[in-house]
Amino acid sequence: MIATVERFLQYLRLERNLSLRTVDLYRRAIEQWSAFMSSPQRPLDFASVTAGDIRAWLMHRATDGDSPSTLRLKLQALRALYRYLLRCGEVSANPAAIVELAKLAKPLPKFVREGTVNAVLDADIDSDDFTQVRDRLIVMLFYETGIRLSELIGLQDAAVDTDKCELKVRGKRDKDRIVPFGNELARWLQHYRSLRATVWPQCDNLLVTVKGRPLYPSLVYHVVHDSLQAAGGTGKLSPHVLRHTFASVMLNSGAELNSVKELLGHESLAATQVYTHVTLSELQHNYELAHPRALKKGG
């Protein structure tokens with residue numbers, strides 16, 4: 001058995017070109033499984049292992065404190081081992097293949113507190129400085145429209161109508177959608193365009209660098225990160241986090257889920273529904289802060 005496992009691990013390293021770390025993780029998983037399945041009176045027989053045996057081992061590991069992600073890795077190690085044994089003709093079936101992987105909890109989207117974003121948008125800036133006005137507009141566009149980073153960079157000047165207060169963005173799979181915005185953003189857009197026209201009269205892209213070229217991802221990321229950090233923001237401070245913030249603010253303010261789906265350009269409601277968990281989490285947080293008996297312990 002030991003020789004077979006060593007051949008398998010060598011196969012992973014030399015033929016599959018897996019990292020030393022991954023091979024070591026697989027080794028330890030198989031050693032744990034072997035110890036569970038073996039006894040001095042009954043050595044491990046690969047061919048006699050059933051899916052029930054593997055489920056029992058995973059349950060044992062879960063009871064011992066293994067996380068869902070660790071259980072997934074260990075099952076993947078057994079699946080890979082049995083694929084190898086099938087290839088070598090040492091077994092006739094892969095019992096690990098019919099065992100379901102442990103489901104991982106989906107992390108909730110990160111968002112920025114409204115007060116932090118408002119501190120950025122209400123801060124004094126030099127309204128005659130092109131860069132300062134453009135950077136303010138970048139944050140405002142993400143927060144007030146929920147567009148993606150790629151959509152902001154590709155936003156065409158002709159696609160932004162400040163009279164109708166709407167813009168047309170080209171989203172994933174080249175699908176266009178119309179996104180409305182408010183009067184305040186319209187005024188900032190008009191002012192920005194007037195500043196831009198003094199230096200770059202003809203621009204295809206709405207937002208440009210000081211050299212009149214289209215923006216690029218790292219520049220936009222640093223504008224957002226530095227602006228939010230200066231206003232006291234902590235944690236992940238990125239354009240995508242502002243998109244999450246837009247969605248949670250809309251839902252907290254009573255917007256219908258399907259409307260938010262359309263504004264974000266999601267293919268299905270499933271992608272949008274995650275934000276309802278964010279808003280419920282925020283409501284729970286606010287309740288615990290506000291209600292005098294929310295944190296009272298039972299006795």
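Arg170 has Asp176, in strand 3, as its bridge partner. This is a predicted model, so to speak of local features takes a pLDDT of at least 70, and side-chain atom pairs count only at pLDDT 80 or more, while totals for chains, interfaces and linings use all residues. Residues are numbered from 1 along each chain as its sequence is written, and side-chain values rest on heavy atoms, with hydrogens and water left out.

Two strands pair if DSSP finds at least two bridges between them. Strand 2 (residues 166-170) is joined to strand 3 by five bridges, and the two run antiparallel.

Turning to the helices, helix 1 (residues 2-14) packs against helix 2 (residues 20-37) at about 160 degrees, with the axes 10 Å apart. Axes are lines fitted to C-alpha atoms, for helices over the stretch in contact, and angles run from 0 to 180 degrees between N-to-C directions. That angle makes helix 1 roughly antiparallel to helix 2 (under 35 degrees counts as roughly parallel, over 145 as roughly antiparallel, 65 to 115 as roughly perpendicular and the rest as oblique). On the helix 1 side, the contact (heavy atoms within 4.5 Å) is made by Val5, Glu6, Phe8, Leu9, Leu12 and Arg13, and on the helix 2 side by Leu20, Val23, Tyr26, Arg27 and Ile30. Eight of the residues in this contact are nonpolar, none polar and three charged; Ala, Val, Leu, Ile, Met, Phe, Trp, Tyr, Cys and Pro count as nonpolar, Asp, Glu, Lys and Arg as charged, and the others, Gly among them, as polar.

Helix 2 also packs with helix 3 (residues 51-63), at about 110 degrees and with axes 11 Å apart, so these two are roughly perpendicular. Here Ala29, Gln32, Trp33, Phe36 and Met37 of helix 2 meet Asp53, Ile54, Ala56, Trp57, His60 and Arg61 of helix 3. This contact has seven nonpolar, two polar and two charged residues.

As for aromatic pairs, the whole structure holds six. Rings of Phe, Tyr and Trp (its six-membered ring) pair if their centres lie within 6.5 Å, with planes under 30 degrees apart counted as stacked, over 60 as edge-to-face and the rest as tilted. Trp33 and Phe46 are stacked, because their ring centres are 6.3 Å apart and their planes at 20 degrees. Trp33 lies in helix 2 and Phe46 in the loop between helix 2 and helix 3, 13 residues apart.

Methods:
Helices (H or I, at least four residues) and strands (E, at least two) are DSSP runs, numbered from the N terminus.
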